Amino acid sequence: MIQLFHVTKYYEGCIALSDLSLRVDKGECILITGPSGAGKTTLLKLIFGAEFPDDGQILVQNRNIARLRATDIPYLRRTMGFVLQDFKLLPHKTVYENVELPLIIRGLSSFDARRKVAESLQSVGMDHKRTTQTSVLSAGEQQRVCIARAIVNSPIILLADEPTGNLDPQLTYEISELFKAIHARGTTVMLATHNRQVVEQINGRMIKLDCGRLLSDQGTLS
Ligand SMILES: Nc1ncnc2c1ncn2[C@@H]1O[C@H](COP(=O)(O)OP(=O)(O)OP(=O)(O)O)[C@@H](O)[C@H]1O
Ligand SMILES: [Mg+2]
């Protein structure tokens with residue numbers, strides 16, 4: 001599903017990822033942990049094709065990301081959902097409009113998008129707020145809308161960057177349960193987090209990064 005071979009990524013004088021090799025199979029749930037600056041976000045961005053490696057290869061669903069034409073990247077991204085570290089919701093649009101947007105970009109009519117948006121909002125428990133502007137939602141509600149937006153295209157791979165960032169333990173619990181349910185439906189999940197509660201609750205394959213290097217990988221230990 002996802003394979004990295006000796007991937008290195010530099011940013012102006014700093015190494016964000018160093019000689020990283022990793023294989024993720026279909027249906028796995030990966031928890032990426034490690035201190036701030038370890039390279040967690042960089043790893044997710046590389047898999048999403050939002051950044052490109054300086055060295056090494058990345059295969060996502062058997063396609064070499066670095067060799068894809070710029071025009072092919074959107075097609076690959078349609079098979080992936082990305083829950084970003086900062087919400088990046090459109091504040092003056094409603095919950096419904098935010099979740100509908102990826103489908104409209106993909107070329108669906110509002111009519112055809114309706115069922116998918118409704119299902120997605122129901123699965124995160126936000127259907128009752130569909131007409132509310134996202135700017136007035138609580139942090140936990142905004143995060144749930146982000147997850148709904150990331151899964152509305154029925155992605156094969158769901159990437160999530162600190163999805164419980166500033167949430168309290170109860171909301172962290174609810175969001176973690178949501179990821180477990182999405183994974184249980186067959187989606188391959190890769191989630192970066194500092195949060196011990198998330199790691200314990202989700203109980204996936206833990207990958208530890210430090211200074212851009214792979215410190216440990218439960219997948220290769222067992
Ligand atoms: N756009 C950028 N320009 C310059 N340096 C960057 C850029 N993005 C990341 N870096 C650097 O790359 C390294 C890895 O950053 P990354 O954001 O991947 O870490 P992280 O593990 O996600 O950290 P955090 O837990 O704080 O989110 C850091 O040293 C960071 O300063
Ligand atoms: Mg990060």
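**Close-up views of a predicted model**

**View 1. Helix H1 and its covered side chains.** Lys40, Thr42, Leu43, Leu44, Leu46, Ile47 and Phe48 are the buried residues of H1. A residue is called buried if 20 or more other C-beta atoms lie within 10 Å of its own, exposed if 12 or fewer do, and partly exposed in between, with C-beta atoms placed from the backbone. That leaves H1 mostly covered, with 7 of its 9 residues buried. Helices (H or I, at least four residues) and strands (E, at least two) are DSSP runs, numbered from the N terminus.

A quick word on the model: it is predicted, so local features need pLDDT of at least 70 and side-chain atom pairs count only at pLDDT 80 or more, while totals for chains, interfaces and linings use all residues. Residues are numbered from 1 along each chain as its sequence is written, and chains are lettered from A and ligands numbered from 1 in the order in which they are written.

View 2. Follow the 4 strands in the order E2-E1-E4-E5: they make an open sheet with antiparallel pairing. Strands E2 (14-24) and E5 (63-64) are the edges, each pairing on one side only. Two strands count as a pair if DSSP finds at least two bridges between them. H1 (residues 40-48) lies across E1 (2-11), E2 and E4, and runs at about 120° to E1. That angle is taken between N-to-C directions, on a scale from 0 to 180 degrees, using lines fitted to C-alpha atoms, for helices over the stretch in contact.

**View 3. The E4–E5 end of the sheet.** E4 (residues 55-60) and E5 pair antiparallel over 2 bridges, and Leu59 has Asn64 in E5 as its bridge partner. Asn62 sits in the loop between E4 and E5. Most residues other than glycine have a negative phi. Asn62 is not a glycine, yet its phi is positive, about 65°. Asn62 counts as exposed because it has 7 C-beta neighbours inside 10 Å.

View 4. Which residues come nearest to ligand 1? Out of 13 around it, they are Tyr11, Ala16, Ser36, Thr41 and Thr42; a residue is near if its C-beta atom, placed from the backbone, lies within 6 Å. H1 gives the most to this shell, with 3 residues, and E2 and H1 each supply at least two.

**View 5. Ile32 in the core.** The largest nonpolar core has 59 residues, and Ile32, Ile47, Ala148 and Leu159 have the most contacts inside it. Helix H5 (residues 139-151) gives the most to this core, with 6 residues. Such a core is a set of buried Ala, Val, Leu, Ile, Met, Phe, Trp, Tyr and Cys residues joined through C-beta atoms within 7 Å. Setting aside neighbours within four places in sequence, the residues that Ile32 contacts include Leu43, Met190 and Leu209; contact means C-beta atoms, placed from the backbone, within 7 Å.

**View 6. E3, E9 and E10.** E3 (residues 29-33) and E9 (residues 205-210) pair in parallel over 4 bridges, with Ile207 in E9 as the bridge partner of Ile32. E9 and E10 (residues 213-217) run antiparallel, joined by 4 bridges. E9 and E10 form a hairpin with 2 residues between them, and in its turn Cys211 has a positive phi of about 50°. Asn203, in the loop between helix H7 (196-202) and E9, has a positive phi near 55°.

Key:
Contact = placed C-beta atoms within 7 Å.
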